[in-house]
Amino acid sequence: WVVRGRELILVKRNIKDTQRQAVLSVANMFRAKILDVSKDSMVIELTGGQIKLDAFLDLLRGYDILELARTGITGLSRGSSNVTIID
């Protein structure tokens, strides 16, 4: 039994004052975290399944993305029965 795989993305976006509230609203809908805000950029962290992350990025297409890091699917098995202890 494997816990459903999840991904992590970090997105640095170029942002204007007039766009800030709209981007915050999208981030809140997806339960994303705002990691950093500066005068002209914002860094957003989001974890979830591939479909969720793709939908989030699709909504941000109208904004300039300065940097993007995406982990790919990761996961661990449940419980400790299949665990190898590394000394």
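**View 1. The aromatic pair of the predicted model.** The structure holds 1 aromatic pair, where pairing requires ring centres of Phe, Tyr or Trp (its six-membered ring) within 6.5 Å. The ring centres of Phe-30 and Phe-56 lie 5.3 Å apart with planes at 70°, so the pair is edge-to-face (planes over 60 degrees apart; under 30 degrees is stacked, the rest tilted). Phe-30 sits in the loop between H1 and S2 and Phe-56 in helix H2, 26 residues apart. Both Phe-30 and Phe-56 are buried (under 20% relative accessible area; exposed is over 50%, partly exposed in between; 1.4 Å probe, protein chains only). Helices (H or I, at least four residues) and strands (E, at least two) are DSSP runs numbered from the N terminus.

**View 2. The two faces of helix H1.** Arg-20, Val-23, Val-26 and Ala-27 are buried in H1 (residues 20-29). They cover an arc of only 130° around the axis, which puts them on the same side of H1; the arc is that of the directions from the helix axis to the C-beta atoms. The buried residues pack against S1, S2 (33-37), S3 (41-48) and H2 (50-59). Gln-21, Asn-28 and Met-29 are exposed on the face turned away from the buried side.

**View 3. Arg-13 in strand S1.** Arg-13 belongs to S1 (residues 7-14). Arg-13 is buried without a salt bridge, and the nearest side chain of opposite charge, Asp-64, is 7.3 Å away. A salt bridge is a side-chain nitrogen of Lys or Arg within 4 Å of a carboxyl oxygen of Asp or Glu.

Residues are numbered from 1 along each chain as its sequence is written, and side-chain values use heavy atoms, without hydrogens and water. In this predicted model, local features need pLDDT of at least 70 and side-chain atom pairs count only at pLDDT 80 or more, while totals for chains, interfaces and linings use all residues.

Notes:
Lys and Arg count as positive and Asp and Glu as negative; His and the chain ends are not counted. Contact means heavy atoms within 4.5 Å.
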